[in-house]
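Q: Could we go through this model together? I'd like to start with the charged side chains and then move on to the helices.

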Amino acid sequence: MDGSLADDRGGYGALIRNSNSEFITGLAGRLDLPSINLLELKAIEQGVLLGSSIHAHKLWIESDSITALAWLNGRGTTPWTAIRSLRNIHQYLDQLEDWKATHIHREENSPADILAASQSMRGESIFLPGQLWNDLAEEIEKDRQATGYKLSGSH
């Protein structure tokens, strides 16, 4: 999941994959929020709702937002503007067999980043296999094969 804020336009994106990292479904949406952290949390919320809609029993939430993950895990001070989203997220997470939420570095989160940035001008869209544009499909496949971006200077 990822949020994006550029020129006062907010976007969010989420991908659902199976245990083999194969793409199942994803979404991208536009929402003007005053904070990148709130957009990151909205990406988590929409991703969890998408997982619920396909009757997922387990979810592994990955986000590059340390702040949104802290809020999700009940750490730190949560602003009142995030409370409704957090309640909504936990309502669905509490129904799952298991879930975990972990931090993923921005460089490793490129498919969700592409989705979040793509929707800064439109409403929400849901994607199924076969409905992805070429650049996104290629990035998802690279990521699935663990050959996504590498930090400069890494081996």
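A: Gladly, and bear in mind that this is a predicted model.

Q: What does R17 form a salt bridge with?
A: R17 forms one with D143, and the closest N and O atoms of the two are 2.8 Å apart. The pair links distant parts of the chain, since R17 belongs to strand β2 and D143 to helix α5, 126 residues apart. D143 counts as partly exposed, at 22% relative accessibility.

Q: How many salt bridges does the count come to?
A: The count comes to 5 salt bridges. Among them is the one between E45 and K42, at 2.9 Å from N to O, and these two residues both lie in helix α1, 3 residues apart, about one turn of the helix.

Q: Is E45 buried or exposed?
A: E45 is buried, with a relative accessible area of 5%, and K42 counts as buried too, at 18% relative accessibility, the cut-off for buried being under 20%.

Q: Back to α5, then: which of its residues are buried?
A: The buried residues of α5, which spans residues 134-144, are L136, E139 and I140. Seen down the helix axis, they fall within an arc of 100 degrees, so they line one face of α5. They pack against β2 (9-17), β3 (23-30) and α4 (110-118).

Q: And what does E139 form a salt bridge with?
A: E139 pairs with K142, the closest N and O atoms being 3.6 Å apart, and both residues lie in α5, 3 residues apart. E139 counts as buried at 9% relative accessibility, whereas K142, at 38%, counts as partly exposed.

Q: How many residues of α4 are buried?
A: In α4, 7 of the 9 residues are buried, so this helix is largely enclosed by the rest of the structure. What covers those buried residues includes β1 (2-6), β2, β3, β6 (125-127) and α5.

Q: Changing topic to the backbone: where is S21, and what is its phi?
A: S21 is found in the loop between β2 and β3, and its phi is near 65 degrees, a positive value in a residue other than glycine. S21 counts as partly exposed, at 28% relative accessibility.

Q: What about H55?
A: Phi of H55 is also positive, near 65 degrees, and H55 sits in the loop between α1 (36-53) and β4 (58-63). At 62% relative accessibility, H55 counts as exposed.

Terms used: Residues are numbered from 1 along each chain as its sequence is written. This is a predicted model: local features need pLDDT of at least 70, side-chain atom pairs count only at pLDDT 80 or more; totals for chains, interfaces and linings use all residues. Side-chain values use heavy atoms; hydrogens and water are left out. Buried means under 20% relative accessible area, exposed over 50%, partly exposed in between (1.4 Å probe, protein chains only). Helices (H or I, at least four residues) and strands (E, at least two) are DSSP runs, numbered from the N terminus. The arc is that of the directions from the helix axis to the C-beta atoms. Contact means heavy atoms within 4.5 Å. A salt bridge is a side-chain nitrogen of Lys or Arg within 4 Å of a carboxyl oxygen of Asp or Glu.
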